[in-house]
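Open the model in your viewer and keep the sequence panel beside it. The tour goes from one selection to the next.

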Amino acid sequence: MKLRTAARAAAALALAGTLAAPALASPALDAVSTCMTDNTTGKDRKDLTRWIFIAMATHPSLEDLSQVSMAAAEESQRRVAEIVTQLVTVRCADQVRALMKAEGGESLGKAFEVLGRVAFMELTTNPAVAQSLQGYIRYLDRQRFEQAFAPR
């Protein structure tokens, strides 16, 4: 497998914060996704989510919200490279080979999206994160909701 293919697939992790329902997957894709989630630790998944956060913080519309040092960003890049290398070449090598043979290199990104979703969901179970995610509710215009859904 080309290094670029693995790198592109890993970059799919950056898209994993979306909560869209996953598309129907093939047996080969399911096997890789399951292998990746089963063969990463909680720390691995936190490191992946940290990497996504750091990448998102570089966007001009978000950069005022976070101060990430170059050293922290570099360490995060190294850690994700280790995780991706282990998953693709050791922990899930047989499943990745089967997926590549069945569907080609582009499909590997979908497996990393599943792993990213799992990592994201684990973070949202933290009470402080869950509370923050629900904080907007107190600002909803309840009267407009009642009007919108009132029987007509």
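In which helix is Thr 49 found? Select Thr 49: this residue is found in helix 3, where helices are DSSP runs of H or I with at least four residues, numbered from the N terminus. The model is predicted, so local features need pLDDT of at least 70 and side-chain atom pairs count only at pLDDT 80 or more, while totals for chains, interfaces and linings use all residues. Residues are numbered from 1 along each chain as its sequence is written, and side-chain values use heavy atoms, with hydrogens and water left out.

Thr 49 has a relative accessible area of 11% and is therefore buried (under 20% relative accessible area; exposed is over 50%, partly exposed in between; 1.4 Å probe, protein chains only). Show its contacts (heavy atoms within 4.5 Å): leaving aside residues up to four places away in sequence, Thr 49 touches Ala 119, Phe 120 and Leu 123.

Helix 3 has 16 residues and reaches 22 Å from first C-alpha to last, close to the 22 Å expected at 1.5 Å a residue (1.5 Å times one less than the number of residues). Its buried residues include Asp 44, Trp 51 and Ile 54.

Move to Asp 47, also in helix 3. Asp 47 counts as buried because its relative accessibility is 13%. Beyond four places in sequence, Asp 47 touches Ser 76, Arg 79, Val 80 and Ile 83. Asp 47 forms a salt bridge with Lys 43, with 3.0 Å between the closest N and O atoms; a salt bridge is a side-chain nitrogen of Lys or Arg within 4 Å of a carboxyl oxygen of Asp or Glu.

Now select Arg 79. Its salt bridge with Asp 44 has closest N and O atoms 2.4 Å apart. Arg 79 lies in helix 4 and Asp 44 in helix 3, so this pair ties together parts that are 35 residues apart in sequence. A salt bridge also joins Arg 79 to Glu 82, at 3.4 Å. Lys 43, Asp 44, Asp 47, Arg 79, Glu 82 and Arg 91 are linked in a network of salt bridges.

Finally, select the largest nonpolar core, which has 20 residues (buried Ala, Val, Leu, Ile, Met, Phe, Trp, Tyr and Cys joined through side-chain atoms within 4.5 Å). Val 32, Met 36, Leu 87, Leu 108 and Phe 112 touch the most other members. Helices 2, 3, 4, 5 and 6 each supply at least two residues of this core.
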